[in-house]
Amino acid sequence: RQALLRTDPSNVWRIRVAGVNSTELGELVNFISLEEEPNLPGWAGNLAVLTPLEGESLQPSNLSAGATNYLNVFFQVIHAMPEFSYILLDSPDGFDFTDNCSVGALEDFYYHDWEGLPWGETVSGPRALTSSLGNDVNCTTDNWKRSVLSPPPTQDFTRAKVRVGRAMLANKYYAFRIRIRNALTWDAAHHDDWRLWVQSPEGYTVDGSKYTIQFN
């Protein structure tokens, strides 16, 4: 069953307040609309039911303390996503995507048709080709703990937000590479808080990691 999107006309939340002995204290009213959200930062008109991502994994190039590390990121898109959707990658505290985010494709052999299958990139499923995010990608950074009411960070960039210029197919595997600076010291907490999220062009989260992403 497909999850209910935030833009679905039937996704309307309502509230009624009641007091002692269930005495109603007013009429049933709607939450704010999506159109009203931009003028009310920190408030949401409705919620999306997130679908867990499938097949997420991270392949680091260098785990030395403080070193520049190029992460190979693999995941399966659950919902078909239009052009200019977003992929968000969150890291634990101490890791830093910096204010100069760098993202790109993996080496060609990661996308090679090793099984000699007669189909191309438009086919999905467990034996289909893994695809790149295409050539039209760019990346900005943030801190995933930052409140929507707080100013943009000037350090500790623990979130990378990758805009993808191509449409992404449902149940298709994708992979990309992104640069990150490792934490200066080791902490057991670094095994947690690696998360991947898929957002619509409007910034609504659709799919996401249910658990921390595993390294391989």
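The lining of the second largest pocket comprises eight nonpolar, seven polar and no charged residues, where Ala, Val, Leu, Ile, Met, Phe, Trp, Tyr, Cys and Pro count as nonpolar, Asp, Glu, Lys and Arg as charged, and the others, Gly among them, as polar. The structure is a predicted model, in which local features need pLDDT of at least 70 and side-chain atom pairs count only at pLDDT 80 or more, while totals for chains, interfaces and linings use all residues. Residues are numbered from 1 along each chain as its sequence is written, and side-chain values use heavy atoms, with hydrogens and water left out.

The lining of this second largest pocket is made up of 15 residues, with L63, F95, W186, H190 and H191 lying nearest its centre. A pocket is here an open set of points on a 1 Å grid over the protein atoms alone, where a 1.4 Å probe fits, with protein on both sides within 12 Å along at least five of seven lines; lining residues have an atom within 4 Å of a point. The space in the second largest pocket is about 280 Å³, a volume being the space filled by probe spheres set on the grid points, which are joined across faces, edges and corners.

The secondary structure of the protein consists of 13 strands and zero helices. Of the 216 residues of the protein, 37% are buried; buried means under 20% relative accessible area, exposed over 50%, and partly exposed in between (1.4 Å probe, protein chains only).

The loop between β1 (14–15) and β2 (29–30) contains V17. With a relative accessible area of 47%, V17 is partly exposed. V17 also belongs to a nonpolar surface patch of about 560 Å², together with W13, I15, L25, V29 and F31. Patches are made of residues with over 30% relative accessible area and no salt bridge, like charges being joined within 9 Å and nonpolar side chains (Val, Leu, Ile, Met, Phe, Trp, Tyr) within 5 Å. Accessible areas come from the Shrake-Rupley method with a 1.4 Å probe, and for residues only the protein chains shown count as cover. S22 also lies in the loop between β1 and β2. Although S22 is not a glycine, its phi is positive, at about 65 degrees. The relative accessible area of S22 is 61%, so this residue counts as exposed. A positive phi, near 65 degrees, is likewise found at N171, a residue other than glycine. N171 is placed in the loop between β9 (159–164) and β10, and is partly exposed at a relative accessible area of 36%.

Seven salt bridges are found in a search of the whole structure, each being a side-chain nitrogen of Lys or Arg within 4 Å of a carboxyl oxygen of Asp or Glu. One of them joins R181 and D96, with an N to O distance of 3.0 Å. This pair links distant parts of the chain, 85 residues apart, with R181 in strand β10 (residues 173–181) and D96 in the loop between β6 (85–90) and β7 (103–104). D96 is buried at a relative accessible area of 10%, whereas R181 is partly exposed at 39%. R181 also lies 5.8 Å from N69, C-alpha to C-alpha, although the two are 112 residues apart in sequence. N69 is part of strand β5 (residues 68–76) and is buried, with a relative accessibility of 1%.

A further salt bridge is formed by R16 and E24, whose closest N and O atoms are 3.4 Å apart. R16 is partly exposed, at 42% relative accessibility. The side chains of D192 and R195 form another salt bridge, at 3.3 Å from N to O. D192 is partly exposed at 36% relative accessibility, while R195 is buried, with a relative accessible area of 19%. Strand β11 (residues 195–199) includes R195. The C-alpha atoms of R195 and Y211 are separated by 7.3 Å, the residues being 16 apart along the chain.

In strand β4 (residues 54–59), L58 is buried at 0% relative accessibility. The C-alpha atoms of L58 and Y70 are 10.0 Å apart in space, and the residues are twelve apart in sequence.

Terms used. Helices (H or I, at least four residues) and strands (E, at least two) are DSSP runs, numbered from the N terminus.
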